[in-house]
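Trainee: Could you show me how to read a contact surface and a sheet, one step at a time?

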Amino acid sequence: MTNIAFGLSPLYIMSVYSKYADHILLNLLKEDDQLAYTEIFERYSRILVNHAYKMLGNPDEANDVVQEVFLYIWNKRYELTVVGSLSAYLYKAVKNRILNHIAHEKVVSRYADSISNFIEHDYVVADSNLREKELEAIIEKEVALLPAKMREVFLLRKVEELSYDEIALQLNITDKTAKQQVYNSLKILREKLKSLMNVFIW
Amino acid sequence: MNKTEILALLQKHSEGTLSDTDKDKLDAWYLHKASNSNRQLSEYELEDSYEHLRSKLPLYSEPKVISLWPRVAVAASIALLLGAGLFYFTKSKEQQLQLPQVVEKPQEIAPGGNRGILTLSNGKQIVLSDISAKDTIANEGDEVTIKMDANGVITYVINPNADIPADDANSFNTLSTPTGGQYNIVLADGTKVYLNTVSSIKYPTRFNGDQRVVELDGEAYFEVAKNKEKPFIVKSENQAIEVLGTHFNVHAYDNEPIVKTTLLEGSVAITYKNQKAVLKPGQQSNVSDKLNRIAIRQVDTEAAIAWKNGRFKFDNADLKSVMKQLERWYGIKVEYRGDVSDVRFNGGTFMNKNLSEVLKVLELSNIKFKVEGKTIIVYP
């Protein structure tokens, strides 16, 4: 009468994938790896929904936009071309869908004044490099605004893709000290993460 | 600009016919708006939306537990189904008129292959299957060169001219495999490691000090280079294996209760808590917290290391462990319906086959499989 499901624990497999850098996940996704896809979702769904909500002011619309983006990257997984970082790619995908969403008679009124005011008074010409940097700054700011617990998880996952040299550079310490410090803090974060995962991810 | 002009601008953007200048204006507005918006979803709302999206997207998720219903419930549900069936029948006729019939072809699920991810001591990660130039792939300081041979095997070459910093701490690399990946490596001391799927091994790029210590998560087969002065130690979750030079297989997946060590040649010492046991060739030790001791038995060593030779080989294997192998190798999810706990498997097949062919072989043991996307349903 009783029956046990003895599947592979998703927590175990996902913990392997949570150690992979974004570019590795992207690579695996292109090879039809559903776990890599799931890990990308775990990393980015929350900040993208929050970002879409900033622009749209409606949680349901924000959900729809993010759902479309994630469906798209799964359906097109074999032919995805990502230039630059995965985070910038996802933000741009969300941006395009939001602009498409605004481009409707009924929705445009909500934004028309803001767009025309900006273009007429505040717009300054810039090259695409600067726009990239502005986008990166927004991503950074939005990560900082996530609720503390979620931010920690996100940062832990992102930190693992930075090399120690890069972290050393950012923190202004030598490479050797960086290794030890990063190793120590990752260890602490991982322990925290273990208990956190049970509470709010799974 | 009035509303009509704005709408025209946005529609051109959707069609992709916007000029670069206008596109930059729209982008600039978007960035401006995003960085000045104070809207923020609460933690509760974010969780809500996370759950909502999870239910809508093709994500990997926990296998479902489906238990058998008591007889009464079955009878009741048959009555229910009959009713629903009638309704469905009439309804579907109606739908057939409107909708073209879409028949989805079951897709073949391909086997895994040579795939690995190398993490260098500076934290950089490299996808090994991507590398086409089969030579030097990275350096660890002046002392160690990491090379890839023609078969894709990674080797660590120590530069004989480099100074050996006596007190220098080891710097570590990690080789890891995703679902459907296996990878082979030769460590700095000449030890060969075959890493099975969804596994990782952390090792120093050169072995300083008086021991050779590596950490394993998952499954690997070792051919340890002989060195009596420096014992080789494999650490896993709850056990340590100490060897001098020998061939053995370690099966230590985090999500499986038993850590299995199988010895093919030489001798190894297993340590678990404060217990110690020495294995003879042909023996396997089983260690688990449930057992709380080291159990030793005689096994078919061929079956234990079949994976390294590209085979599935089952020696009276239980369904659970067989399906776990398939889950890791094919990146699938398994669901069980009905009581299948006493099914055992003997025999084998090749790992380079599509999943459907492997399932056909397993079906000879009085069990049935149904493939739904990436989920395999097992029933008696």
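Mentor: Two residues are in contact if their C-beta atoms, placed from the backbone, lie within 7 Å. This is a predicted model, in which local features need pLDDT of at least 70 and side-chain atom pairs count only at pLDDT 80 or more, while totals for chains, interfaces and linings use all residues. Residues are numbered from 1 along each chain as its sequence is written, and chains are lettered from A and ligands numbered from 1 in the order in which they are written.

Trainee: How many residues of chain B are in contact with chain A?

Mentor: On chain B there are 70 residues in contact with 71 residues of chain A. Helices (H or I, at least four residues) and strands (E, at least two) are DSSP runs, numbered from the N terminus, and H2(B) gives the most to this side of chain B, with 12 residues.

Trainee: In what order do the strands of the open sheet in chain B lie?

Mentor: Strands pair if DSSP finds at least two bridges between them. Here three strands of chain B form an open sheet in the order E21-E24-E23, with mixed pairing, and the edge strands E21 and E23 (368-372) each pair on one side only.

Trainee: Which strand runs parallel to E21(B)?

Mentor: E24 of chain B (residues 375-379) runs parallel to E21(B), joined by four bridges, and B:Val334 stands opposite B:Ile376 in E24(B). E23(B) and E24(B), by contrast, pair in the antiparallel sense over five bridges, where B:Val371 stands opposite B:Ile376.
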